[in-house]
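Here is a walk through one predicted model, helix by helix. Have the structure open while you read.

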Amino acid sequence: MANMNKSVVEGPPAAGAFRERPSKPTTFRKFYERGVFPIMVDHNTRGNRIKWKVDIGTLDYHHFLPLFFDGLSETAHPYELLARQGCHDLLDHGGSKILPVIPQLIIPIKNALNTRNRQVMCTTLKVLQHLVRSGDKVGEALTRYYRQILPIFNTFRSMRVNLGDGFDYSQQKRENIGDLIEETLQMFERYGGENAFINIKYMVPTYQSCVHK
């Protein structure tokens, strides 16, 4: 009995739903280090940016766009900068080249979100918002992949930083994960066609339509 009185009864283990997952070295990093990408870091007075050595519109999007999306899992410099800005540049100039590549982007998107790294998730959510607006029918094409990319949305949707009476600077910088997820879901609904809402609702049951009110 004495031994029993000294024993400690542990509660159930933490689910670890929000715990960061270690990310593997990306293919993006390997290709950059081999000099495959026609880009370089441009250091100027306004900060670091990337500079393209070729006309972006001439690039093979089936080859380059999935590689840059793969780099969204990066957090180290310069890979994070190159992948993030590279994705936005490619989406800005892709037009009709983007839609056929959508199936190749899903695994990199899922991998980036599943790192559960806050910086990586915020970057990826902003890229997703850009993606759905980047070309005709792109938002609709994404609906068939909601089952792969929305589970992590459902997990983190309620994560809003609460600083009491203090000011939440993450909102000013658009780095509040809960708010970014809500924005992204609303864009998915607006650009995803007539079946978008029901498919979002299936994966994120608490989501309320921003279109049908």
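## α6 against α11

Helix α6 (residues 118–132) and helix α11 (residues 177–191) cross at roughly 20°, and their axes come within 10 Å. Helices here are DSSP runs of H or I with at least four residues, strands are runs of E with at least two, and both are numbered from the N terminus. The axes are lines fitted to C-alpha atoms, for helices over the stretch in contact, with angles running from 0 to 180 degrees between N-to-C directions. α6 and α11 are therefore roughly parallel to each other (under 35 degrees is roughly parallel, over 145 roughly antiparallel, 65 to 115 roughly perpendicular, the rest oblique). Their crossing is left-handed, meaning that the near helix is turned anticlockwise from the far one by less than a right angle; clockwise would be right-handed.

On the α6 side, the contact is made by R118, M121, C122, L125, K126, L128, Q129 and V132, and α11 brings I177, L180, I181, E183, T184, M187, F188 and Y191. Contact means heavy atoms within 4.5 Å. Sorted by class, that is 11 nonpolar, two polar and three charged residues (Ala, Val, Leu, Ile, Met, Phe, Trp, Tyr, Cys and Pro are nonpolar; Asp, Glu, Lys and Arg are charged; the others, Gly among them, are polar).

A word on the ground rules: this is a predicted model, where local features need pLDDT of at least 70 and side-chain atom pairs count only at pLDDT 80 or more, while totals for chains, interfaces and linings use all residues. Residues are numbered from 1 along each chain as its sequence is written, and side-chain values use heavy atoms, with hydrogens and water left out.

## α5 against α6

α6 also packs with helix α5 (residues 102–114): the axes come within 9 Å and cross at roughly 155°. That makes α5 roughly antiparallel to α6. This crossing is left-handed too.

From α5, I102, L105, I109, A112 and L113 meet V120, M121, T124, L128 and L131 of α6. The tally is nine nonpolar, one polar and no charged residues. T124 sits in helix α6 and counts as buried, at 1% relative accessibility (buried is under 20% relative accessible area, exposed over 50%, partly exposed in between, with a 1.4 Å probe and protein chains only). Beyond residues up to four places away in sequence, T124 touches L72, I109, A112 and L113.

Y61, F64, L65, F68 and F69 of α3 meet L82, A83, G86, C87, L90, L91, H93 and G94 of α4. This contact has 10 nonpolar, three polar and no charged residues.

Which residues touch the most other members of the largest nonpolar core? They are F69, I102, L131, L150, F153 and F188, out of 60 residues. Such a core is a set of buried Ala, Val, Leu, Ile, Met, Phe, Trp, Tyr and Cys residues joined through side-chain atoms within 4.5 Å. F69 contacts C87, L91, L105, P108, I109, V127 and L131, leaving aside its neighbours within four places in sequence. L131, in helix α6, counts as buried at 0% relative accessibility. Not counting residues up to four places away, L131 touches F69, L91, I98, I102, L105, I109, V138 and L142.

Most residues other than glycine have a negative phi, and most peptide bonds are trans. The bond from H77 to P78 is cis, with omega near 5°, and P78 is in the loop between α3 and α4.

R116 has a positive phi of about 60° although it is not a glycine. This arginine is in the loop between α5 and α6 and is buried, with a relative accessible area of 13%. The C-alpha atoms of R116 and R19 are separated by 6.5 Å, though the two are 97 residues apart along the chain. R19 is exposed, at 52% relative accessible area. K137 also has a positive phi, near 75°; K137 is in the loop between α6 and α7 (138–142) and is partly exposed, at 44%.
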